[in-house]
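Reader: I am new to this structure. Please show me how to read its features.

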Amino acid sequence: GDVYAVGHDGKVTRRYKLPDGVMCLVRDESWLYCGCNNGNVYDLTGKIPFVAYEVSSSDIFWLDIHAGSLTVSTAAGELTVLDHDCDLLWHKKSGGGGWMVRADKDAVYHGHGDHITTYDWSAGKKLWSQKTDGHILFGWQEPTTLYAGTGNDVVVAYTKKGKFVLSYKCDDSVYSCAA
C-alpha cells in the first residue's frame, strides 16, 4: 500500500499510504491514478489520496488512461470505462482474469484469459477478438500495434485492427514488456 514520489535527485518528495496492495499506477497529463487490491482506484493528483472510483470487489490488475478517460481491468476479467467527468461509460465481464488494458483514440484493448478483445469507447461494442498463445499477463501498445506478454513464454503482436503480426519466443512467462 505504500506509494512514493521520488525526485530526479532520488529524494522522496511525497509518500502515500493506501489501505490495500497497489497493483498499478497510470498518469496522463495532470491525472495520476493508482489501482489497488481492494477494487478501488485512488486519485493521487493532490496532496491527499482519495477514492476516485469504486470499481469492483475484485483486485484491479491494470489501468490505462487516454484523454482523461480511464479504463480499468480486474482479476475477474471485468472491464470498466469511465469518461473524463468520472461518469461510467460502460462495464462488462470481458473474459478470464484481465491483466492487460490499453486505450487510444480509436478503441479500448483488453487482454483477458487467452484472448485480446477490442471495444469501441462509447458503448463497449466488440470490434474484434483474437485467441492468443497463452494467458495474457501484460500488454503494450504502439501507434499501430499491440504487444501481449503471455504465460506460455511468448509475446504476441497484433495490429490494432486484429491482424496477427508475429510471435516472439521468450525463455519464461512474460510479466512485463515494452516496445
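Author: Start with the largest pocket, whose volume is about 160 Å³. The model is predicted: local features need pLDDT of at least 70, side-chain atom pairs count only at pLDDT 80 or more, and totals for chains, interfaces and linings use all residues. Residues are numbered from 1 along each chain as its sequence is written, and side-chain values use heavy atoms, with hydrogens and water left out.

Reader: What is a pocket?

Author: On a 1 Å grid over the protein atoms alone, a pocket is an open set of points where a 1.4 Å probe fits, with protein on both sides within 12 Å along at least five of seven lines. Lining residues have an atom within 4 Å of a point. The volume is the space filled by probe spheres set on the points, which are joined across faces, edges and corners.

Reader: Which residues line the largest pocket?

Author: Val3, Tyr4, Ala5, Arg14, Tyr16, Leu25, Arg27, Leu32, Leu44 and Thr45. Two or more residues each come from β1 (2-6), β2 (12-17) and β3 (22-28). Strands are DSSP runs of E, at least two residues, numbered from the N terminus. β1 gives the most, with three residues.

Reader: How do strands of a sheet pair?

Author: They pair through backbone hydrogen bonds, either parallel or antiparallel. Here a pair needs at least two DSSP bridges.

Reader: How many bridges join β7 and β8?

Author: Six, in the antiparallel sense; β8 covers residues 69-74. In this pairing, His66 stands opposite Ser69 of β8.

Key
Helices (H or I, at least four residues) and strands (E, at least two) are DSSP runs, numbered from the N terminus.
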